[in-house]
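Visitor: Could you take me through one part of this model closely, and then through the places where its backbone calls for a second look?

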Amino acid sequence: MNRVEATVFAASEPVTRETLSRIVGKSCSIDLLIDDIREELRGRPYDLVSVAGGWKHLTRPAYADAIRSAFGTAADGSGRAKDLTQSEVLVLMCVAYFQPITRAELSSFFGKEISRDLISHLRGADLIASGPRSPTPGAPYTYVTTKEFLLEFGLDTLRDLPDFEALEDAGLLSKEKLLAGDIASNFSSSQEEAAEIEV
């Protein structure tokens, strides 16, 4: 247990099952070790979390305000997601749900051209990357989310994204509004607000 916890503690990236198996041997149950460590960490301000295909020590959400007050950053110190504009968040959401997706498909979805600068900002934040070439004429690049995206949003895999039905049930998303183009008008107004702020 101590070797697993020390390895995860020292690593800057999530530690994979394969790495942990090399440390403790293939006959040892990684899942049972992780469960034992998590049980020992109960009541501590941090936990051992399955994220981005591995395990990482992360502070518990209850302490986010204290960390933000002390350092002015998110609990993991990156703060990339909180620096995104509303339009960047909407584009990132579409990439996450519909990947691989081209810039033209994104533009079609929003009813307005998605700028190369917006895509570049999401790529610069390492939240999206180039995917396979599209089979459409001209073979444009597609975009996909990255391991950093999973880490930033605390997801182990893309299967952990809430499904559309759950978002609809929570009142956070409406397929009817998406299909009616309401999201495009929200997207346009958030882009205009961002342009006014930059000027």
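Guide: What follows is a close look at one helix, and then at a few backbone positions elsewhere in the chain. Please keep in mind throughout that this is a predicted model.

Helix H2 spans residues 17-24, and within this helix Leu 20, Ser 21 and Val 24 are buried. Seen down the axis of H2, these buried residues fall within an arc of 105°, so they line one face of the helix. That face packs against helix H1 (2-10), helix H3 (30-40) and strand E2 (54-59), whereas Glu 18 and Arg 22, on the other side of H2, are exposed. After H2 comes Gly 25, which has a positive phi, near 95°.

Most residues other than glycine have a negative phi, and most peptide bonds are trans. Ala 52 lies in the loop between strand E1 (46-51) and E2, and with a relative accessibility of 9%, under the 20% cut-off, Ala 52 counts as buried. Asp 126, likewise not a glycine, has a positive phi of about 60° and is found in the loop between helix H7 (116-124) and strand E4 (128-133); with a relative accessible area of 37%, Asp 126 is partly exposed.

Key:
Residues numbered from 1 in each chain as written. Predicted model: local features only at pLDDT ≥ 70, side-chain atom pairs only at ≥ 80, totals over all residues. Heavy atoms only, no water. Buried < 20%, exposed > 50% of the residue type's maximum accessible area, 1.4 Å probe, protein only. Helix = DSSP H or I, 4+ residues; strand = E, 2+ residues; numbered from the N terminus. Arc of directions from axis to C-beta. Contact = heavy atoms within 4.5 Å.
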